[in-house]
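Here are a few notes to read alongside the model. Keep the structure open as you go through the points.

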Amino acid sequence: MKRLGFYISIYRKIIIQDIKSKMSYRSDFIISMIGMILTDISELAAFYIMFLNFPSVCGWSYHEMLFLYGFSLVALTPLQCLFDNNWQLRHYVYEGDFIKYCFRPINVFFYYISEDFDTKGMGQFFVGMGTIIYAWYKLKLPVTFVNIAALIVALVAASLFMVAIMNIAAASCFFLTNSGYIMVTMNKFRDYAKYPVTIFPIFFRIIFTFIIPIAFIAYFPSLVILRPQEIPFLTWFSPVYGIIFFYISYKIWMFGASKYSGTGS
Amino acid sequence: MRIKSWIALTRVSIMDFMQFRLSAFVMLIGNIIYLIVIYNLWKAIYASVDNATINGMSFNDTMIYLVLASAQFTFMEAYLVWMMSRSIQSGKIVLDLLKPVPYSQYLLFGLEGGNICAFVVTFIPTFIIVEIITGGYIHIGINILFYLVAATLGMLINFAIDFFVGTICLYTQSTWGINIMKEVVVLFLSGATVPLAFFPETLRKIVMFFPFHAIYNTPLTFLTKGPELSLAESFIMVGEQAAWAIVLIILGKIFWKLSERVITVNGG
């Protein structure tokens, strides 16, 4: 417990420094924020145009699809805001700068990840929340304490999956020299998280459920709110599975870091 | 003389690409996964309507269009704005400006080799796979020739827009935001995310006034609607592209000339 308090206080200090340094480039912050929001809005526009021509997708209505999309945006915010430094990992490893993280008396993974807080990710959070609220209102879903609590638990659990996938993808640079394209390919999978997994044939359903578990980012957790009468077993299992999957990714990352031998410079 | 340096630059960029063969392979795998997702998604979407064609687009049209748009993206998008902004930030741009070739040409031919390789390694296999899946749905004839011309012109237009946006980075010193905005606007308005045929009438009319549709929509139309286009129509489409390419390249050149003076490099 004491250690946890210690880590939280360190985290706070590092993040404050990082935000201060980012705020000195204010125009960059504003332009990035607009860029982020624009990306999400173009996706929404794509949905809108699609549903102008088609009434539903595999039994999913426009507003249900919007809910899924908003859900996936919010669930991906922690990845964007807190774990963005993973994208730089391969440069640190390749150029030898990673060694500096190995000399601190704190957890390497924690120290490395905490170094960057991506402020522009907040734009994604607000668009996602707005979309969820709009879809919630249009679908006339009941606003009860249980529903809200379920939404929060589901969002937290869902956010673990993509973080874990990207942790593993980033950690591959400890074993290969260049992991950029692995990260880009894996990152693409998050675009598929916003579709109900039932549209895929059984083979891909299994892959997207167990191997690259993107079905847990929006589809399975959303069912708790959208279709409370037909919740599959996997939905209840998702928080546990999320924690296990995240733990595995953390172990792989740490194993890679322990294999790191520096560049000799 | 010029041509000699163009060829030399292209050769270097081809060799550069060969260094990263594995990444091209991963790109192709990524494309195939995208193909599977798109195939199933649109199959489900088309299953929910009674008629087989919507706004003149059948299931095959839509699937071919989107999959090839993504394949076209992998060989066309050279991430020029990233490159320019990085060399502006690091100061490497000073060295590039000292080269005996104009900066825009140095960039264009320095990227072209990679584009050609990516075309061969990712676009052609994807094209063949699509052709097999749909049972030879894409008409093969004069339209393929038109596609090649249109794709080249589309690439030039994309390059000119990138060069223009990259020049803006000289002023803003923001890179990520500018990049992402450009990417979103180009992909959306060019019809790479949703086919332009699905756009509401007024929006489509507005989009047609911009050069973006010439990057993706025009070349891909030659593949999906190949046999329905008359020769005159085809020439008009390609002519429009060529006009856009010339206008945008000239605009980019002027803008660059005006902006060259503001380059500031901290230290060295």
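1. Let's begin with I124(B), which counts as partly exposed because its relative accessibility is 34%, a value that falls between the 20% limit for buried and the 50% limit for exposed. You'll find I124(B) in helix α6 of chain B. Do keep in mind that this is a predicted model.

2. Now for the rings. A pair of aromatic rings is described by the distance of the centres and the angle of the planes. Over all chains, the count of aromatic pairs comes to 63. One of them is F119(B) with F123(B), a stacked pair with 5.2 Å from centre to centre and 15° between the planes. An angle under 30 degrees is what makes a pair count as stacked, so 15° passes.

3. How many residues apart are F119(B) and F123(B) in helix α6? They are 4 residues apart in that helix, which covers residues 103-133 of chain B, so about one helical turn separates them. Both side chains fall on the buried side of the cut-off: F119(B) has a relative accessible area of 19%, and F123(B) has 3%. Look at F119(B) with some care, because buried means under 20% and its value is 19%.

4. F123(B) has another ring partner, Y147(B): this pair is stacked too, at 5.6 Å centre to centre with 10° between the planes. Here the pair links distant parts of the chain, since F123(B) belongs to helix α6 and Y147(B) to helix α7 (residues 142-172), 24 residues apart. Y147(B) counts as buried, with 3% relative accessibility.

5. Over in chain A, have a look at W60(A). R227(A) lies over the face of its ring, 4.3 Å from the ring centre.

6. Last, the cysteines. A disulfide is a covalent bond between the sulfur atoms of two cysteines. How many disulfides are there over all chains? The count comes to 0. Take C102(A): the nearest cysteine sulfur belongs to C173(A) and is 12 Å away, whereas a disulfide needs the sulfurs within 2.5 Å, so C102(A) is in none. C102(A) is partly exposed, with a relative accessible area of 33%, while C81(A) is buried at 3%.

Notes:
Residues are numbered from 1 along each chain as its sequence is written. Chains are lettered from A and ligands numbered from 1 in the order in which they are written. This is a predicted model: local features need pLDDT of at least 70, side-chain atom pairs count only at pLDDT 80 or more; totals for chains, interfaces and linings use all residues. Side-chain values use heavy atoms; hydrogens and water are left out. Rings of Phe, Tyr and Trp (its six-membered ring) pair if their centres lie within 6.5 Å; planes under 30 degrees apart count as stacked, over 60 as edge-to-face and the rest as tilted. Helices (H or I, at least four residues) and strands (E, at least two) are DSSP runs, numbered from the N terminus. Buried means under 20% relative accessible area, exposed over 50%, partly exposed in between (1.4 Å probe, protein chains only). A charge sits over a ring if NZ of Lys or CZ of Arg is within 6 Å of the ring centre and within 35 degrees of the ring normal.
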